[in-house]
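Please review the model shown below. The report that follows takes up local backbone features, then sheets, then domains.

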Amino acid sequence: MKIFSLLGYRHLLSYLIYFSLFLCIPLSHAAAIDDRSDQDRDITVSGFVTFQKMPMQGVSIIAKGSGSSAISDADGRYSLTVRIGEVLVVSFIGFKTIEHPVSGLSSISFELEEAVTALNEVTVNAGYYTVKESQRTGSIAKVSSKDIEKQPVTNFLASIQGRMAGVSVTQESGVAGGGFAIQIRGINSLRRDGNAPLYVIDGVPYSSDPIGSAQTSTVLPNLTSPLTNINPADIESIEILKDADATAIYGSRGANGVVLVTTKKGKAGKTRFSASAASGWGHVTRYMDLMDTQQYLSMRRQAFENDGITEYPADAYDVNGTWDPSRYTDWQKELYGGTSQIRSFQSSVSGGSEHTQFLISGNYHSETTVFPGDFLYRKGDVHFNISHASDDRRFKASLSGSYTSQNNRQPWSDLTPVAITLAPNAPSLYDAAGNLNWENGTFTNPLGALAAGYGTKSGNLVSNMLLSYRLLEGLEFKSSFGFTDLNFTETRTMPSTMYDPAFGVTSASSSLFFNNVQRQSWIVEPQLNYQRAFGRVKTELLLGTTFQNQTGARLVERGFGFASNSLIHNLAAANIHIVYGNEQSVYRYQAFFGRVNLNWEDKYILNATARRDGSSRFGPGRQFATFGAIGAAWVFSKEDGLKDNATFLSFGKLRASYGTTGNDQIGDYQYLDTYSLSGHSYQGMGGLEPTRLFNPNFGWESNTKAEMALETGFLDDRIFLTTAYYTNRSSNQLVGLPLPGTTGFNSLQANLDATVENSGLEMTLRTTNIKGRDFNWTTSFNISFLKNRLVSFPGLESSPYANQYVIGQSVNIRKLFQSTGVDPQTGLYGFTDFNGDGVISAPDDRQVTRDLSPEYFGGLQNSFSYKGLAIDFLFQFVKQQNYSSATVLGFPGAPSNNASEVSHSWQQPGDNAPFQQFSTGLNGDAVVAFYNYLESDRAITDASYIRLKNVAITYELPKKWTGVLGCKLSVQGQNLLLFTKYRGADPEFVSSGFLPPLRVITAGIQLTL
Amino acid sequence: MKKTFKILSAVLIFGTANSCDNFVDVELPNSQLSSPAVFADVATANAAMTEIYSKMRDNGMLSGGPAGMSCGMGLYADELDFYGDSVNDSFFFHNNSLIASNNTVASYWNAAYSQIYGANAVMEGLAASNELPVAVKDVLLGEALFSRALVHFYLVNLYGDIPYVTTTDYQLNSTVQRISTAQAYANIRQDLEHAALLLPQDYSVGTRIRPNRSCARALLARLALYTGAWDEASNHASAVLNNTEYVLEGDLDAVFLKESRSTLWQFGTTAEGRNTDDAQNYIFTAGPPPFVGLNLGLVALFGPDDLRGSHWIGTVTDGTGTWHYANKYKQRENTGSSVEYTVVLRMEEQYLIRAEARAWQGDLIGAKEDLDAIRLRAGLPPTAADSAEEIIAAVQLQRRLEFFTEFGHRFFDLKRTGAIDTVLGLAKAGWNPTDKLFPLPLTELNANPYLQPQNPGY
């Protein structure tokens, strides 16, 4: 009842009413059951369920009508009491469902048949309801545990890379605990942080707002994300809702798509134990091609020569002889070329009777890093599920929960940027005595950074209870009660030992940065479901309401100065304690939603959804808005003309949808004019600073989505092709309007009368190439083309976006200088002077545009199985452009290593060289030309790639060897091969210069009993 | 059964409809205060004002760390040499090769206007407040005007023509235009004169960390000096120097202590026991310097008798070389209670302003008197300069020796006297005449088309 106390008295009352009603229903209805006239005779039916004459365990047999049910045991035997005339429904995943009327025989056995058309029998989770694949009107992509389990990944977003049409996933960093960027059907919002989808775990929305702090998340390119708390091993399926039909029921939060995570549930049958262990290694996929010592020193010497400096300055240690000119170290191998040791263990117990099922599982995962030093990421997790149904299956209850604990220790900063820029003749890391070598103060030893640490500890609970009661035939009342609790601590320690001891820095200058985040949320969603057939029309109705409350608290502190570095983890030991921020926030959300689904003989299907939303993120009077969508499907293969005659076409469906969704991802309290504590102190008092530029008048962003899709199956669905075309338009853009610094702030929340359109084509092809008794081969292929376009933007020219966007082009463009190559006379990069004023300057001369959105992307998966052996390959591909590695390497000629190709620099007048003359940085024109070059079209290169994303080989030992024990051996690899023309390290990045994704290979064993 | 359903749906609809009017209304978080509440209370109104000083101390032009003007403009002119990494912004400062997308160029600008916003917000909050006593309002208004003028003053001197922002209205501020330097100076002068009327003669707190009337007049004196208004410069400087609160510290090691009697205004630290960012930034104990060292040419100008050379300059020697650092602030580490605060305005400047102004006015005796006050304190004999030109040159030299690594005095002096191209053209290989002005930040030009055109040379 803790949930209710959070609500306050006002709401408590209404909830008490709901809850008491809920408790009363079974009682009042119990009386109704007794009134039922007993016109049919009950008999007990029993028999066996087999497949290819082998007993099948766990098959569900349900009597349509009375709802009485049974599950087959290990011998395939079942038994249940039914009324004569009822129909038994025998179903098992992967097999054709059998419907058999009870005529009076007491013994009925079933031989199952494998479902070739399994796809159409599959149900997908659409959030508030489930729908059969063949009957859905919306666009939903799904990845199930079968594919997730094949991948040695720790972040669930990694497991969907390349597997879903329309879903682009990019890994931000190879450091354990790093995040992923996800985009579902492109960029909708002009706000960079307004494009995250809604995540829902077992019906509980899970906030993906970052939990890290700029003070502490220093090893990652972005602030730490809470999504690492979701354990891929617990996931039964991930469904992504894309179009209006599927997302409108999520209303204001569905604009960027919805990611539904469904965790594993217990299955009835004999108690099943499973234990598995895997161990493996991770390495960097690819190094940059950098200069060796000879190339480097010749660059440096030439730079001084070009600048007219004949005597090397005292601080040019790399060339003036201070450092050994014959020394060479491959710093990339040295600083991030290590091996990450990966281990994981899992065990689970599941089982239950036909009325009560359970699952408990535990996981442990650890990985070390590729950096030198002793760093470790650990993640442990327990997951459970209990489901119960009353004898008459009218009352159902289910409780699921996962608790994840993470502990991550990494160096305070990613060593990659240092590794690629450090002079190749820099001195050795350790001196002869084994201590860090600072080379008499001339060398900033990168390993000094290892003394400084980044650490996180987090505990995360996601739990959900679902209660439902069938009031009448077809009418069900249910409610979900969800609760999440996240407790996260992130620290950065900066001890004095990270610096050269010669600087004389003592522990009195050591620092501890501390970021503590707590986030709790609860959600209550009472719903009514009604199903009934009116003649040939099956009707489904859903009505529901949502109450959600999320509270957040964040405390960011710094301890400065310690008596000893050994006390650095204790804030209480700090001489000076500074509180940077202590924030609390409350987010409240309320909605009513509904769905009507009409289904005419599984042939014509109409689906309408609507939601009215209120959010505390908007000012008074602007909190509510309504969203809705309509979807329709025509299963034309069921038309009489085609049904019997077309042997080639086995399934055909045309579906379309149209509707609106919204976006409220703007942070809390943005409409308020307030002051908050700055964390700075002066004159002994904490300072108060204006929190934001406030605008009380902003409202919802709306997103209109339209989709048309054709789904066709051929040759008994052995070839199944889905083609979808969509157009999404976001208008009334709710943006953090970027403002010039003269306003005192960077941005203001406001609605902008601009429209962004994403349109695209998605194709998914699944073929069963060979289907034999022992050998099977299936192929899945998906490809997504997308086009982003700024449709309209009244007043663009006079807006802060004038130099960022162009109407008719993508919102992910960069406006750039147009390179004219290296001027053979001056030896400097030249650019087109568009405005003809004789000076190359921004923004007027940045007139060339390049689009950094992927042009298309997708994946190709092949699965082979022969008896117990299964082999699975996934290739992932992306066609895109991005910044070249020049942006992370230094100024050519400065004391910073560079790409080996840069050696081909301009030497003397008349040269036609690809790279400009070297300079130490004294040649102002060269500096300006170089930085213009980094913002020119030449700095954008092809960053397309094809990656052998995943290979999984699994061998299940024959039963005759292992007896009752099931034993599976597996080898799995992730990011194994990379094919690309990109000249930097890995072309997959959001911000370049961070540790790229790792290649991971693991070997494992799974035992089941 | 139907009845149950009816009741249920009625309650469902009624219950939710009833609660929807307020469920999504949330109260103010306890970490935030509404603006009217801030200016209804003396303590919170003061906290809004002191936050601006914290921001000046910690961010942007006036901060004492590696990015602040004391270090940055020292590198940009000829006071400091750079020893750090080429990826560091200071590298480009030292080479005079700034570009419009340089982070520090943008952070000076953004931090400055954020501080100006804070000052304008205080002024507007005070105007709307009925609760605060008039005396409190006057002092805070004076401080806000002073702060706004000070920040604009440095902006003009770095970026040339700039927008002068006097409101918090983002609609006006996002399309604001640049005004001429002369107009900006006129606005600064107006704000400072208004502040001088409102600010008290004494310090509200003992440690001189809140500006008073003398601070406004000291800045007015500097403004007059920069614009060649010698009478005015001399008068304002006299007003400060006649205040008996201020005494030249005979001991050079006492000048930068927080109790120094020559200080007009200094930044308090963020916590008791902290000392200055300047000390952490400049002092090193082993060569070569990890970041910056004093320029050898500057060090050589201190004669053997100049006590500032031994008291304000530190030296590190090893077998291979000798390096120097600014040692005005000596406390790198925390101390039981703070020992040093960063001094923003001190009376020595007023002596040299008046010396220069008097020389221009023809009062050579008075000019020499003021110049000698500084020379004598440094252990030097009275000046040998005779003519006005010689005295003015001698004052410039003393300014260079007295104010090195203090808020870019050297750069601004070279600029206002017109000597900059000759001097820096010789001293700095990367110097171009257009380097006298910073580029406007690229982000700023992109975000506000009315700021065009970019300064020449960028």
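## Cis peptide bonds

Pro843(A) sits in the loop between strand 41 (829–831) and strand 42 (848–851) of chain A. Helices and strands here are DSSP runs, numbered from the N terminus: helices are H or I with at least four residues, strands are E with at least two. The peptide bond between Ala842(A) and Pro843(A) is cis, with omega about 0°.

The model is predicted: local features need pLDDT of at least 70 and side-chain atom pairs pLDDT 80 or more, while totals for chains, interfaces and linings use all residues. Residues are numbered from 1 along each chain as its sequence is written, and chains are lettered from A and ligands numbered from 1 in the order in which they are written.

Chain B has a cis bond to report as well. Gln452(B) and Pro453(B) are joined by a cis peptide bond, omega near 0°. Pro453(B) belongs to the segment after helix 20 (442–447) of chain B.

Asn440(A) has a positive phi, near 55°, and is not a glycine. Its place is the loop between helix 8 (416–421) and helix 9 (448–451) of chain A. Asn440(A) counts as partly exposed because 17 C-beta neighbours lie inside 10 Å. The cut-offs: 20 or more other C-beta atoms within 10 Å of a residue's own make it buried, 12 or fewer make it exposed, and values in between make it partly exposed; C-beta atoms are placed from the backbone.

Is Lys867(A) buried or exposed? Lys867(A) has 11 other C-beta atoms within 10 Å, so it is exposed. Phi of Lys867(A) is positive too, near 50°. The residue lies in the loop between strand 43 (856–866) and strand 44 (869–879) of chain A.

## Strand pairing in chain A

Strand 18 (residues 269–284) of chain A pairs antiparallel with strand 19 (residues 340–352) of chain A over 12 bridges. Pairing requires at least two DSSP bridges between the strands. Ala278(A) has Ser344(A), in strand 19 of chain A, as its bridge partner. Strand 18 of chain A also pairs antiparallel with strand 49 (residues 998–1008) of chain A, over 11 bridges. Here Ser279(A) is partnered by Ala1003(A) of strand 49.

An open sheet of 5 strands in chain A runs in the order 11-16-17-14-15, with mixed pairing. Strand 11 (140–144) and strand 15 (204–206) of chain A are the edges; each has a single partner strand, so one side of each lacks a neighbour in the sheet. Neighbouring strands of this sheet are turned by 25° against each other on average, direction ignored. Strand 14 (residues 198–201) and strand 15 of chain A run antiparallel, joined by 3 bridges. Tyr199(A) stands opposite Tyr206(A) of strand 15.

The domain assignment of chain A gives domain 1 (2–117) and domain 2 (141–292 + 328–812 + 852–880 + 943–1008). The C-alpha centres of these two domains of chain A are 36 Å apart.

For chain B, an unreviewed UniProt entry lists residues 95–225 as "domain: SusD-like N-terminal". That stretch of chain B is 66% helix and 0% strand, with its end C-alpha atoms 29 Å apart.

How many residues of helix 10 of chain B are buried? The count is 14 of 15, and the helix is mostly covered. Helix 10 (residues 213–227) of chain B should span 21 Å, because its 15 residues are taken at 1.5 Å a residue; the end C-alpha atoms are 21 Å apart, in agreement. The expected span is 1.5 Å times one less than the number of residues. Gly228(B) follows helix 10 of chain B and has a positive phi, near 75°.

Note on methods: UniProt positions are given in the numbering used here, feature names are shortened, and annotations may be inferred rather than shown by experiment. Domain bounds come from an automatic or database domain assignment. Axes are lines fitted to C-alpha atoms, for helices over the stretch in contact, and angles run from 0 to 180 degrees between N-to-C directions.
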